[in-house]
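Please look over the sequence and the structure below before reading on. The paragraphs after them go through the parts one at a time.

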Amino acid sequence: MKPDDTLAGEMQRRGVSRRAFLKYGSYIASLMALPPSAVEALAEGLAAARRQSVIWLSFQECTGCTESLTRSYSPTLENLIFDFISLDYHETLMAVSGEAAEEARRAAMAANKGKYIVVVDGSVPMKDGGVYATIGGKTNHQILEDTVKDAFAVVAVGTCAAFGGLPKANPNPTGAVAISTLVAGKPMINISGCPPIPEAMTGALAYILSFGKLPELDHLSRPKAFFGETIHDRCYRRPYYERGEFANAFDDAGARQGHCLFKVGCKGPVTYNSCATTKWNGGVSFPIQSGHGCLGCSEPEFWDQGGFYRPLSTPLGAMGPALAGAALAGAALGVGAALSARSHQKHYLASLDKEKEKE
Amino acid sequence: MELLAFARGPALTFSLAIFVLGVVWRLVGVLALPPWHDYSPPREGAPPNWLAAIRAVFRKMIPHKTFLKDGMFTTINGYVFHFGLAIVVFLFVPHIVLIQSLFGVSWPGLPNGVITGVGGLTAASLLGALAYRLTSPVLKLISRPNDYISWLLTFLPVATGLAATAHVGLRYETMLALHILSVCAFLIWFPFGKLMHAFLFVLSRGATGIRFGHRGAQL
Amino acid sequence: MTAKTTASGAAYDVQGDRADTERRDAAMQAFVRDFARTAAIHMESCLRCGMCANACHFYVTTGDPKYTPINKLRPFEQAYHRHIGPFAPIYRLFGLKSNVSIEMLQEWESLIYDGCTLCGRCTLACPMGIDISELIKEARHGMYKAGLVPDRLELMDRTAKAWGSPASPSEDFADIIRDAGEEHGVPMNIDLPKADYVVTVAPAELTEHTKALSDVAKILNKIGASWTYSTEGFEASNIGYINGDLPLQEKMTRKIIDNAIRIGAHTLILPECGHAYGAARWEAARWYGKKLPLRIIHMTEFLAELVTSGRIKLKKMGETTCFHDPCQLVRRGGVTEAPRAVLKGLGLDLTEFEDHGELAWCCGGGGGVVSNVRADPLRFKAFSIKRKQVEDAKTQHFVTACGQCRITLTLGAKHDKWDQKVESLLELVADHLED
């Protein structure tokens, strides 16, 4: 590895043409809805950039995010992006293990102090001193603090890292928290999703490399380019929703005719992600196209929304006991109020009778 | 999402519980008062009480022509927003799904375009009702805070519902949460204010129907 | 007794010299006393739509929103919510509904007594079917106990207590009956120990409409009925019912019913009087707690029975008429067809007013308003509706079946210097009996 070389030089040596380079630039630009003028800037920025040191930390996670990234159906592009960066530490992908691996991390940190990017997948357990996930005797929290200290930026990849995800789901036995709650004062991006769309990860990284700054983010620190619209708003089944044509079950006529999945629990209306446009597996499909409603995986607390098959407009939690209790309490109060009014009346009637006796 | 989860979860459960509690409280509190025993013989050919009550409930749906002369706006506008609210509340599919989840019954809904149109008309009608209340000398005199609170809490769900579907204002999930929260406020207020007429009209009309039926008088 | 005015200029009379809070509490307790289910339902149900305003002759002819029927109940709504309603404990606990002030009751005295004839037209206009007129009657129970009643009505109350009738002492009754018989040449029955029919009278018949007394006798004699007038129970108009004086209402009711039972009558005939019908036909049984062993029937119903069954034959008049529906008889009593059947029997061609039957406009004098001189200007305004109806009808006769309506309408015409005679159905029948 020659970190001093520019990416352009590296590519040239590998036989990647400038044309391919520009094509990639325009692909990223279109994904991120950048203006045409940005294509050139992006390509030029990428070409002039030096290989970026990236330290990938995996905490409480399932490796799905890495799987998503590496098993992408557009290997050329992902290879390209991996060629742009120097992945100096990644438990799953690196060859070495044990103390040697940890040593690699420390070396990369030292060599690229203040310049490296920390990518995190997985949430950090905070309960009981964070003992629920340790690497080489150090807790996730310690490793994160240690690694982030000299980083240029932090990218939380996947919903666990971005929002706590499954580990944080009720009852959250490990006290899992999102990375953003532990990283203060560092530029921070969330690429949420379970897993995130590969293009959202690579696109965001390419943007940082090209322009040396973070892309425009939403209120949850997600790149607006990928998380600016809801699944519902861009869903090809939307016209069925507007017409009131719904699947009532996964095996009914509506489901077979591809009607809207709102009634079987689709969370598309409140889920911000680009599944409906970028799609998965190289643009082949996405969950709704495969006949299943959106789970809302790129949103905080998506695991605790009362069930994937509970329609969005229904209440969370069981109503029965609360309402039965309320009805009983109401009846008791009503009877009480009437009795108090009756006793008031009786009292008065008695005084009336006395008055009569006097007459 | 957190606000939406709060709205769909604790807020909705709480407000529905208050709604049920208040409605039962108010109905029982009134119905448990001593009844009036009418020992006078009914007019010959008087209908049985239950029939007189049901007839009155329906009879009162259409005002006498003579009262329409000066009450045309109140009557027509009242019809517009009552039917509008009924259509929007009971024929919008996400609402039907909610009702189904609570009571297990469902029915077909209307296309969203129709619902949006009716919702807009309903909102306009409600604004008209408010304008009339604020300008008519009679209504100014007899109106209470109850009337304005009830108006607002009816208008807000309509307005937030329209805004949410039309992507006006805040992000969709926030507007949806505000819509649900406005419905929660509506539900909490319902039993304690005049919105309760949705239940009371049957009792109120029925009681007069029984009195008039017994006497052979026309309502 | 002193006549006063409130800060806003509303007139009010005060009886007795109790402290204000005592009055207020008495009013609230009396109001609360009879609160039954139906009244409570109605107190809960108002939508503030204002539809009742246009049903009220006082609002329509003055344009003053204070005459909106539901507004006349305001202090009592407040009292209901504070003392009786399902949320009353909450209201009291948090002080959400303040106690009604004496000033408020004083202010409302003229609305409850002068500004309402208990005609119940608003009940028909109310989309919720709230029986506002019945609630005003409940409110009067409170006002009476507070000693906040128009002096003229209170005077009648005291007279009725002392004399057994607001018009004439009981001792004079037999003489009045005999005089009327002599004047019109009709044999009278008075104080017979046993009779099938016992006939009662209204105050107007003891003073202005004495011909009615002999007219009833003429008809009853004609059909050969066993009947009598009774000194022990002759006064059917119930000033207690109108004023909200419940003990008096009970006393007046018991008097005529107990007497009729003692005489062994199977039918008690009520005079041509609206409120007498309301008090006796629908409320008398209340004091007995069971069905009464006799029939209570209004003069108009009785006439209709005789005419339609053919027991009396009438000379056909062959003229045109319009008819004023007395509120208590028709709208609130359900006796709509009977007067029309009698008019038909008289051969009178009836031209109906635009609003007639249950929708008829009140004469403006019911509920004691005609006796309450303080309300005269208001009553004369309301009369304009009736005058226009009669003028539009362009008929030879103008008939009604209630003595109080007849007096109200006659006074209204006189005030307007409008030459219009108001005739009694009973008198027309008596005058046109076929020999």
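This is a predicted model: local features need pLDDT of at least 70, side-chain atom pairs count only at pLDDT 80 or more; totals for chains, interfaces and linings use all residues.

Chain A contains 16 helices and nine strands. Its radius of gyration is 29 Å, whereas the globule rule gives 21 Å for 359 residues; the value is well over the rule, so chain A is more spread out than a compact globule. The extents of the C-alpha trace of chain A along its principal axes are about 120 × 50 × 35 Å. Buried residues make up 45% of the 359 residues of chain A. If one takes the contacts in chain A between residues at least 6 apart in sequence, 71% of them join residues at least 24 apart.

The domain assignment divides chain A into domain 1, residues 52–225, and domain 2, residues 231–304. Taken over C-alpha atoms, the centres of these two domains of chain A are separated by 28 Å. Where they touch, domain 1 of chain A contributes 13 residues and domain 2 of chain A contributes 13 residues. On the domain 1 side, the elements of chain A that give two or more residues are α8 (158–163) and α10 (198–211). That side of domain 1 of chain A consists of seven nonpolar residues, five polar residues and one charged residue.

Chain C has an assignment of its own, with domain 1 at 2–149, domain 2 at 163–304 and domain 3 at 313–431. The C-alpha centres of domain 1 and domain 3 of chain C are 29 Å apart. In the contact between them, 16 residues of domain 1 of chain C meet 21 residues of domain 3 of chain C. Helices α3 (57–62), α6 (102–114) and α7 of chain C each supply at least two residues to the domain 1 side. The largest share of that side, five residues, comes from α3(C). By class, the domain 1 side in chain C has eight nonpolar, six polar and two charged residues.

Chain C also holds an open sheet of four strands. The order of these strands is β8-β7-β9-β10 in chain C, and the pairing is parallel. Strands β8 (348–350) and β10 (423–424) of chain C stand at the edges with a single partner strand each, so one side of each has no neighbour in the sheet. Strand β7 of chain C, residues 319–324, runs parallel to β8(C), and three bridges join the two. Within this pair, C:T320 has C:D349 in β8(C) as its bridge partner.

How many residues does each chain bring to the contact between chain C and chain B? Chain C gives 48 residues and chain B gives 48 residues. On the side of chain C, α2 (37–44), α7 (121–125), α15 (274–282) and α16 (284–288) are the elements that give two or more residues. Helix α2(C) gives the most, with six residues. The side of chain C that touches chain B comprises 22 nonpolar, 13 polar and 13 charged residues.

Leaving out residues up to four places away in sequence, A:A156 touches A:V120, A:A161, A:A162, A:I179, A:S180, A:I189, A:N190 and A:I191.

How values were computed
Residues are numbered from 1 along each chain as its sequence is written. Chains are lettered from A and ligands numbered from 1 in the order in which they are written. Two residues are in contact if their C-beta atoms, placed from the backbone, lie within 7 Å. Ala, Val, Leu, Ile, Met, Phe, Trp, Tyr, Cys and Pro count as nonpolar, Asp, Glu, Lys and Arg as charged, and the others, Gly among them, as polar. Two strands pair if DSSP finds at least two bridges between them. Domain bounds come from an automatic or database domain assignment. The radius of gyration is taken over C-alpha atoms; the globule rule is 2.2 Å times the number of residues to the power 0.38. A residue is buried if 20 or more other C-beta atoms lie within 10 Å of its own, exposed if 12 or fewer, and partly exposed in between; C-beta atoms are placed from the backbone.
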